[in-house]
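This report describes the chains in turn, then the places where they meet. Please keep the structure in view while reading.

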Amino acid sequence: MFMKKTLGAMALTGALAFAGSAVAQDTIKIGVSYPTPTHAWAAGMNWHAEQAEKRLEKLYPDVDLILVNSPDPGAQASALEDLVSVHQIDALVVLPFESEPLTDPVLNVKKSGAWITVVDRGLSQPGIEDLYVAGNNPELGRVSAQYMKTRLKDGDNIVILRGIPTVIDNERFDAFMAEIEGSGINVLDHKHANWNRDDGFEVMQDFLSRFPDIDAVWAQDDDIAIGVVAALKQAGRDGDGMFVVGGAGMKETIKSIMDGDTLIPVDVLYPPAMIATAMDATVAAFKSNGPVAGRYILGATLITPENAANYYFPESPF
Amino acid sequence: MTRASEGMAGKSPRRVSIDLKTLGPAIALLLLCIIGFLLNPAFISEGNLTNLLTRSAFIGIIAVGATFVITAGGIDLSVGSMAAAIAGVMIIVMDNAVETLGSGVPTVLLGCGVAIILGIGAGWVNGALTTKGKIEAFIVTLGTMGIYRSLVTYFADGGTLSLNFEVRGTYRPVYYDSFLGLPFPVWVFIAVAICGWLLLNRTAFGRYCTAIGSNEAVAKYSAINVDRVKTLTYIIQGLCVSFATIIYVPRLGSASASTGVLWELEAIAAVIIGGTVLKGGYGRIGGTILGALILTTIGNILNFTDMISNYLNGTMQGLIIIVAVFLQRSDWKLGKSKKS
Amino acid sequence: MHAETSAPAAIIEAVNISKSFGPVPVLFSVSMDVRPGEVHALIGENGAGKSTLMKILSGFHDPTSGQIRLDGKPASLPPNGAAEKLGVVLIHQELNLAEQLTVEENVFLGRGMKKNGFLDRVAMRAAVQKHLDEIGLDILPTDRISSLTIAQKQMVEIVKAVSRNARILIMDEPTAVLTEEETLVFYRQVEKLKNSGVGIVFVSHKLNEVKAIADRVTILRDGQWIDTRPSQDLTPDMMAQMMVGRELSDLYPPMQEVDVDAEVVLAVDGLCTADVDSVSFSLRKGEILGFSGLIGAGRTAVFEAICGLAPIESGTIRLFGRDVGPMTVAEARNAGLAYLTKDRKEKGLLLNKKMQPNLTLFALPKFVKNFTIDRKAEEDALQRAIRRFDVRTLDPEITVGKLSGGNQQKLLLAKIMECDPKIVIIDEPTRGIDVGTKQQIYHFIAALAAEGVSVVVISSEMPEIIGICHRVIVMREGHITGVLTGDHINENEIMRYAAGLKREELH
């Protein structure tokens with residue numbers, strides 16, 4: 001009895017293995033690897049990736065997308081190895097946890113002959129990827145500053161709440177400062193609020209105690225902006241044309257822009273949906289007759305009440 | 001200095017060193033406030049002082065609970081995650097209760113009740129695993145830290161949980177309104193501190209915590225139910241986390257995976273700055289409160305100046321924590337110089 | 001000077017040594033010398049300055065004034081045990097072995113034999129084995145220290161000292177924790193060392209032992225040198241008198257017989273635990289019941305189980321005629337049953353706390369009024385306890401760890417008595433304390449019994465079991481092997497039961 005069962009199981013496994021390899025022959029397998037979502041923006045990215053997976057697999061029955069998320073760079077490197085050895089992928093879409101530690105693992109995937117699409121964070125060695133899809137950090141700072149200049153005049157005061165001290169934060173901040181220079185707008189001070197609502201609230205409270213005259217706030221990020229708005233309301237300094245510019249494109253923020261909020265009148269896009277763009281383009285590399293390889297830098301669109309509806313995804317967690 | 005020598009005249013030299021031990025964190029806080037004022041006179045504006053006190057309330061309340069756990073020789077690393085998880089569940093419960101209970105006070109009370117039950121439950125889990133499960137507190141709470149943190153991520157789908165807008169309106173005054181010039185969170189902080197002080201210094205339970213932290217075997221041989229007392233310290237810790245969460249949620253009306261990150265370390269730092277001994281056996285609630293105020297004041301002062309590079313904030317915080325503890329531990333030095 | 005005979009020249013001499021700790025003088029111009037091949041006992045009450053003198057002799061302390069002479073020449077001993085290189089070795093009461101290392105590794109710790117730059121394990125093992133054989137110690141060089149008994153550890157300390165060519169071996173109460181059997185082994189070892197020319201200084205509170213093995217005896221009292229005499233000129237009684245400076249004829253109090261009809265307050269039947277096998281006995285009101293036996297015979301285990309400190313596997317316990325199941329420590333306390341541990345430093349007292357919280361810890365519920373501790377009542381209790389138990393300290397705010405052993409023991413006794421127990425179990429009531437305090441404790445136990453409290457005394461010191469107990473139960477390997485009353489309570493009988501030479505069929 002026992003023997004029979006075991007034999008049966010072995011037969012079944014064999015059959016499955018055969019089926020698996022048979023399918024592998026004619027499907028296009030695309031691995032998609034990104035960090036485990038631990039904050040809202042990444043959760044939004046996760047949601048968009050899942051949406052794109054459903055949509056693309058429905059559109060092309062011979063395309064198989066494999067989504068893998070990893071909690072740290074080491075785990076992501078292992079996941080990449082598995083994608084090659086277990087799934088034998090034909091293409092990889094990867095948002096690296098960190099540039100340096102993942103450059104070699106991605107290079108190894110490349111050596112297996114797979115198409116490589118890198119998203120958002122570049123690798124530390126040029127020329128590995130076939131396609132690069134990214135948001136535009138300096139552009140986010142520049143667009144924000146340009147908007148500030150349209151609203152403020154010579155001698156007005158602003159404060160800046162920055163993110164976590166990283167290259168991304170520096171790119172945004174430096175571009176903002178370069179654009180604002182010469183406009184006559186005073187930057188009173190800038191502090192790190194770590195892309196976090198609580199820190200945004202506390203830093204803004206202290207700015208308000210310290211500076212009696214603030215005309216606008218660049219919060220750089222929608223989470224920080226929420227904290228900033230709470231602090232402004234607490235201090236009763238949310239009137240008199242005061243406004244806050246965040247960034248990223250959080251659905252609540254976009255909704256309030258659609259509703260005509262004056263405190264947060266605009267937002268600057270740094271969309272988590274860029275992963276979907278990357279997946280679309282990668283599939284296109286197999287399906288389209290047009291060339292795809294190259295660098296694809298998304299614009300940092302200014303979201304205003306007029307165009308907000310295009311960027312509103314009520315189902316997404318972000 | 002004058003106070004110390006008065007003490008000297010009145011009592012034996014031992015008294016002096018004890019006074020200095022108590023004074024250490026107070027001196028550190030006073031120095032910080034003077035520095036703050038010199039950097040920017042707006043530091044002592046009523047608005048800023050109120051902000052400071054209110055902000056200290058979260059860490060302070062949690063640190064009062066941590067004082068019990070640490071005094072009894074334990075450690076709880078899960079408090080920050082616990083706060084995030086409780087805040088998350090509170091928001092989910094209140095959002096779902098709007099349909100049946102409306103957006104008024106009953107919904108808010110329901111949320112608070114849920115928070116308290118969850119806090120007690122989470123504390124009990126930590127305590128029971130430590131005592132009955134005989135696993136080191138460090139490992140147990142490291143585990144629950146990860147569990148609670150990932151639970152809130154899961155509840156929020158990786159994003160942010162937001163409180164219903166109308167409920168927020170009802171609940172908002174709990175954080176933003178004042179009574180006799182002090183915001184409600186500060187009153188909660190004061191109440192928790194007084195209860196904590198009485199419990200630790202005036203009751204048999206407090207004495208048992210100290211005895212267990214000092215030597216568990218002696219406590220056992222002295223007819224103390226060691227497991228029960230230790231479990232209770234974790235339950236008190238959980239309850240304190242509930243109180244902190246109840247005043248935290250109305251501030252921004254949201255909870256996410258980044259809520260309460262590193263609160264456990266801030267709470268532990270506040271406890272140690274305050275003079276409680278990390279290996280247990282000696283606890284000071286008053287010191288803990290000063291410790292919490294010191295930590296908040298450091299952050300506040302750094303926001304008040306652009307003299308120090310933003311990138312060095314961590315350095316300043318680390319230095320001040322070490323100096324504060326040094327002031328408190330080096331009482332023997334002052335005592336000696338007085339003798340000669 | 002006293003000892004100007006034809007004896008061989010002293011290896012080490014302390015000449016007019018005085019020592020103060022800060023403003024507190026502890027030794028006043030004390031002199032002592034140790035000759036090769038002699039056993040020199042140093043006796044005195046706790047706090048008499050014995051430990052300080054030993055530490056000065058071994059370089060751990062510097063004398064405030066006076067001189068140390070080594071081989072007749074003034075010497076300044078290097079600190080922190082470096083005097084070992086000069087052949088002066090101190091063996092602490094708290095043994096100084098690395099628990100997780102092996103015997104061999106401990107013996108050669110810090111000075112391993114090397115060959116070609118590597119530790120020569122074979123040679124070291126052989127050297128250690130040779131020493132172990134000499135002593136007749138049945139352990140392997142590869143045994144871990146943590147797996148040895150205290151006596152074996154002590155022997156390892158001695159091996160370690162011998163292997164370092166010690167000329168002077170200073171031992172702080174070496175036999176305090178040894179059983180009678182182990183003590184005999186220890187005596188043999190001392191004899192061997194003596195014959196090889198080593199000078200031995202040892203501290204002991206066991207005056208019979210001093211009489212038995214010492215050649216000369218130096219007596220200290222309150223930091224003063226009292227006398228140095230050959231031991232054949234002294235009797236234990238004389239030594240005791242010189243130590244305390246008063247008559248000690250009544251070390252043991254007169255015994256009051258127990259009423260034969262007295263109520264049975266505790267009856268244990270068929271008690272089994274992990275270390276105890278089917279133990280049955282009973283205790284009457286006002287009785288002092290001794291529990292004798294070798295270390296590890298299960299005496300402590302019996303009472304830890306009864307008092308809720310260890311789990312019970314089976315058996316019944318009747319307390320004041322009422323069947324009680326397994327109790328928690330608090331339930332036992334509330335029922336009037338209190339256990340005083342033999343390990344006062346690890347299980348009895350919070351050494352880093354003051355006397356007051358220690359005193360009231362066991363009976364704390366008694367001090368709770370309106371949910372808070374009545375601090376006035378605590379204060380009163382401390383004053384009462386200091387008077388009743390004669391706890392001697394200048395500073396009531398002192399941490400308990402700084403009290404002398406005798407005062408710690410009195411405080412522990414006071415702590416247990418604070419809950420007014422009807423039955424007290426005192427485990428090793430006088431371990432490591434001086435004769436004066438011993439006498440006080442014996443009288444206290446007798447007084448308790450006279451008041452109607454029942455006392456169980458667990459002791460490895462036979463004279464005290466014989467001196468104060470109405471009845472003696474002897475245990476061996478978890479069993480009761482004999483119950484002795486009246487004239488049968490003597491060392492011979494107890495030893496025979498304890499060693500398993502004789503066994504009573506009890507039921």
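## Domains and dimensions of chain A

Which domains does the domain assignment of chain A give? The assignment, made on a predicted model, gives domain 1 as residues 20-135 together with 272-287, and domain 2 as residues 137-268. Domain 1 of chain A is therefore written as two stretches of sequence, because the assignment lists 20-135 + 272-287 for it. Taken over C-alpha atoms, the centres of domain 1 of chain A and domain 2 of chain A are separated by 33 Å.

The secondary structure of chain A comprises 10 helices and 12 strands. Its C-alpha trace spans about 85 × 45 × 35 Å along the principal axes. Of the 318 residues in chain A, 47% are buried. Among the contacts of chain A with a separation of 6 or more, 75% are between residues 24 or more positions apart.

## Confidence in chain A

The mean pLDDT of chain A is 86, with 92% of its residues at 70 or more. Within this chain, confidence is highest in strand E8 (residues 216-218), at a mean of 95. Confidence is lowest in helix H1 (residues 2-26) of chain A, where the mean is 45.

Over residues 1-24 of chain A, pLDDT stays under 50, and the model has 1 contact beyond four places in sequence for this stretch. Where pLDDT is low, the predicted coordinates should not be read in detail.

## A parallel sheet in chain A

An open sheet in chain A is formed by 4 strands in the order E7-E6-E8-E9, with parallel pairing. Strand E7 (186-192) and strand E9 (243-245) of chain A stand at the edges; each has a single partner strand, so one side of each is left without a neighbour in the sheet. From one strand to the next, the twist averages 20°.

Strand E6 (residues 157-162) of chain A pairs with E7(A) in the parallel sense over 5 bridges. In this pairing, Ile160(A) stands opposite His190(A) in E7(A).

## Two asparagines with positive phi

Asn194(A) is placed in the loop between E7 and helix H7 (197-210) of chain A. Its phi is near 60°, a positive value in a residue other than glycine. Is Asn194(A) buried or exposed? Asn194(A) counts as buried because it has 21 C-beta neighbours inside 10 Å.

Chain C holds another asparagine of this kind, Asn16(C), with phi near 50°. Asn16(C) lies in a strand, E1 (residues 12-21) of chain C. With 14 C-beta neighbours inside 10 Å, Asn16(C) counts as partly exposed.

## Domains of chain C

For chain C, the domain assignment gives domain 1 (12-244) and domain 2 (250-336 + 425-507). The centres of these domains of chain C, taken over C-alpha atoms, are separated by 34 Å. Contact between them involves 11 residues of domain 1 of chain C and 11 residues of domain 2 of chain C.

On the side of domain 1 of chain C that touches domain 2 of chain C, helix H5 (180-195) and helix H7 (236-244) of chain C each supply at least two residues. The largest share of that side, 3 residues, comes from H7(C). By class, this side of domain 1 of chain C has 4 nonpolar, 3 polar and 4 charged residues.

## Contacts between chains

There are 2 pairs of chains in contact, and chains A and B share the most contacts. Chain A and chain C are joined by no contact, and their closest C-alpha atoms lie 37 Å apart.

The contact between chain B and chain C takes 16 residues from chain B and 23 residues from chain C. On the side of chain B that touches chain C, the elements giving two or more residues are helix H10 (204-214) and helix H11 (216-221) of chain B. That side of chain B has 6 nonpolar, 6 polar and 4 charged residues.

## Helix H10 of chain B

How many of the 11 residues of H10(B) are buried? The number is 10, so H10(B) is largely enclosed by the rest of the structure. Among these buried residues are Phe205(B), Arg207(B), Tyr208(B) and Ile212(B).

Within chain B, the buried residues of H10(B) pack against helix H3 (46-71), helix H9 (184-202), H11 and helix H12 (226-252). They also pack against helix H11 (355-361) and strand E20 (372-373) of chain C.

Definitions and conventions:
Residues numbered from 1 in each chain as written. Chains lettered and ligands numbered in written order. Predicted model: local features only at pLDDT ≥ 70, side-chain atom pairs only at ≥ 80, totals over all residues. Contact = placed C-beta atoms within 7 Å. Nonpolar A, V, L, I, M, F, W, Y, C, P; charged D, E, K, R; others polar. Pairing = 2+ DSSP bridges. Axes fitted to C-alpha atoms, helices over the stretch in contact; angles between N-to-C directions. pLDDT = per-residue confidence, 0-100. Buried ≥ 20, exposed ≤ 12 C-beta atoms within 10 Å, placed from the backbone.
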